[in-house]
Amino acid sequence: MANQDDQFKKVISHAKEYGYVFQSSEIYDGLSAVYDYAQNGVELKKNIRDYWWKAMVQMNENIVGLDAAIFMHPTTWKASGHVDAFNDPLIDNKDSKKRYRADVLIEDYCAKIETKIEKEVKKAEKRFGEAFNKAEFISTNGRVVGYQEKINTILSRMGKSLENEDLADVKALIEELEIACPLSGSKNWTDVKQFNLMFGTKLGASAESAMDLYLRPETAQGIFVNFLNVQKTGRMKIPFGIAQTGKAFRNEIVARQFIFRMREFEQMEMQFFIKPGTQKEWYEHWKETRLKWHLSLGMGQDNYRFHDHEKLAHYADAAADIEFKFPFGFKELEGIHSRTDFDLSQHEKFSGKKLQYFDHEENKSYVPYVLETSIGLDRMFLAVFSNALQEEALENGTTRTVLKLPSVLAPVKAAILPLVKKDGLPEVAKEILEDLKWDFNVIYDEKDAVGRRYRRQDANGTPFCITVDHDTLEDQSVTIRHRDSMEQERVKISDLKAIIKSEVEVRTWLKKMK
Ligand code: GAP
């Protein structure tokens, strides 16, 4: 655990030091669970958003985009079920007066058991060496099987109790497991209560005429209420999808773990409208397709796993998370939800407007079913950033800090470095910069010795350094250094654009999905 904590602290401080993420309103001591993206962070975030948008909208003829407003008519949230059911179970510790999410306390307890499993696996790996078969070990080792059964029993009981709104049993479970408040160490808990996560606000100038509004807690509802507008104006035929990225707001009880759980965050969601009865096959299709998107970024197959929901949200008939191995363990990164016709039917009921599709092949109208893919952009940012940050031991006995971001997502694609600040080298370097900046985000750096500049760019995640030296003046060639391998090669200035393009363009990376 200590190691995980250290690694996570490094991620947070690196994100600040290199201009990726700052605490919001830091000069006023910050605002809890709200963050600002700085000069590099905003580029990385934009690149992740673009990578998603291209995969979902540009590459699929039957998926189109939308940018709906954050404010929506308040009845939207009655219809969607959020007013009545968008709750988290909270519990207070009477001694520390700290508030917790009851389900998170139980999940954290299970995460600790999972750490024990990982330790057993590591020990066995060492003992058996090459001959070690992880899958077999996990399914046969008595201790590991026992741990896993314990986790399953706890989570399944919690899932059932939450689904049945049996909050007394959730408290009983916390007490039986002897979970203590991480702050006070005490087991003196209040009853578990439900807490609605939506932020309310008011629209209108005078108190009498003001209308109560909510800041949207998910972007999906903007898609549902526009379903027929888009279908008709875009002449879309089922199956088709509508994709959207944008801010969502939740008054999270437990808002910690940096940008993992924020009160203001961004979602990238796609609602796929399908014929009723076909939801199972589309559910499998989108689970597989979304996992392939993640894998295309090369962040390691072992870092992902599916988690099928025990407790289904009020709108779903099946749901799974794609979990990622964050520095604090496997956690939800993206959700794939089979939402049935719940949302459209509810909006029909509350608005009194028909939200049906006329299927020419079937010669009948119906309310489509919906398959949803929903990923948090900030959470994806954290996955990419934390996975990329590495301390590497070098052959010469030193270490380097390197941010091995997938180059398609890196904020700066290349740094142009004159070897020295004289002899006409800065002028040539700036000419290269002026040419490359039409196609890529590139920077110029002439401060410090070139070795230090390389290290700075490594830590910044820049995939290429291009060094202009005295030979450049003679042969129109430069040295290009690759961040991950640290290999250097001599190339013609005229070839630079093609070399960088082939490595950083979306095509190169997204093709790996095929
Ligand atoms: N429309 C469905 C929906 O909103 P969700 O599982 O509540 O489903 C989807 O959220 C994704 O949004 C999550 O998988 C996560 O990546 C992200 N997300 C949810 N709450 C978040 C928060 N407080 N901070 C950051 N990301 C969050």
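Met211 sits in strand β8 (residues 211-214); strands here are DSSP runs (E, at least two residues), helices are runs too (H or I, at least four), and both are numbered from the N terminus. At 31% relative accessibility, Met211 counts as partly exposed, because that label covers whatever falls between buried (under 20% relative accessible area) and exposed (over 50%), with a 1.4 Å probe and protein chains only. Keep in mind that this is a predicted model: local features need pLDDT of at least 70, side-chain atom pairs count only at pLDDT 80 or more, and totals for chains, interfaces and linings use all residues. Residues are numbered from 1 along each chain as its sequence is written, and side-chain values use heavy atoms, with hydrogens and water left out.

**A patch on the surface**

- Met211 teams up with Phe71 and Leu203 in a nonpolar surface patch, and together they have about 260 Å² of accessible area.
- A patch takes residues with over 30% relative accessible area and no salt bridge; nonpolar side chains (Val, Leu, Ile, Met, Phe, Trp, Tyr) are joined within 5 Å, and like charges within 9 Å.
- Accessible areas come from the Shrake-Rupley method with a 1.4 Å probe, and for residues only the protein chains shown count as cover.

**Around the ligand**

- The ligand has 22 residues around it, and the closest are Glu218, Glu252, Met262, Glu269 and Glu332; a residue is near a molecule or strand if one of its heavy atoms lies within 4 Å of it.
- Sort that shell by type and you get seven nonpolar, five polar and 10 charged residues.
- For that sorting, Ala, Val, Leu, Ile, Met, Phe, Trp, Tyr, Cys and Pro are nonpolar, Asp, Glu, Lys and Arg are charged, and the others, Gly among them, are polar.
- The side chain of Glu218 has an N or O atom 2.6 Å from a nitrogen atom of the ligand, while the side chain of Glu332 has one 2.5 Å from an oxygen atom of the ligand.
- On its own the ligand has 550 Å² of accessible area, and the protein covers 93% of that.
- The elements giving two or more residues to the shell are β10 (264-274), β13 (329-340) and β16 (369-376), and β13 gives the most, with six.

**Backbone details to look up**

- Ile238 and Pro239 are joined by a cis peptide bond, with omega at about 5°, and Pro239 is in the loop between α10 (227-233) and β9 (240-249).
- Thr340 has a positive phi, near 50°, in a residue other than glycine; Thr340 belongs to strand β13 and is buried at 14% relative accessible area.
- Asp423 also isn't glycine and has a positive phi, near 60°, but you'll find Asp423 in the loop between β19 (414-418) and α14 (425-436), partly exposed at 45%.
- Gln267, in strand β10, is buried at 5% relative accessible area, and a polar atom of the Gln267 side chain lies 3.0 Å from the backbone nitrogen of Thr219.

**Salt bridges**

- Side chains of opposite charge can pair when their charged atoms come close.
- The whole structure holds 40 salt bridges, where a salt bridge is a side-chain nitrogen of Lys or Arg within 4 Å of a carboxyl oxygen of Asp or Glu.
- Glu26 pairs with Lys16, with their closest N and O atoms 3.0 Å apart.
- Glu26 lies in the loop between β1 (21-23) and β2 (35-37) and Lys16 in helix α1 (residues 2-17), so this pair ties together parts that are 10 residues apart in sequence.
- Glu175 and Lys171 make another salt bridge, at 3.8 Å; both lie in helix α8 (residues 167-176), four residues apart, about one turn of the helix.
- In that pair, Glu175 is partly exposed at 41%, whereas Lys171 is buried at 16%.
- Lys501 and Glu505 meet in a salt bridge too, 3.5 Å from N to O.
- Glu392, Arg400, Lys404, Asp458 and Arg481 are linked in a network of salt bridges.

How values were computed
Polar contact = N/O pair within 3.5 Å; in protein donor to acceptor, adjacent residues only side chain to side chain.
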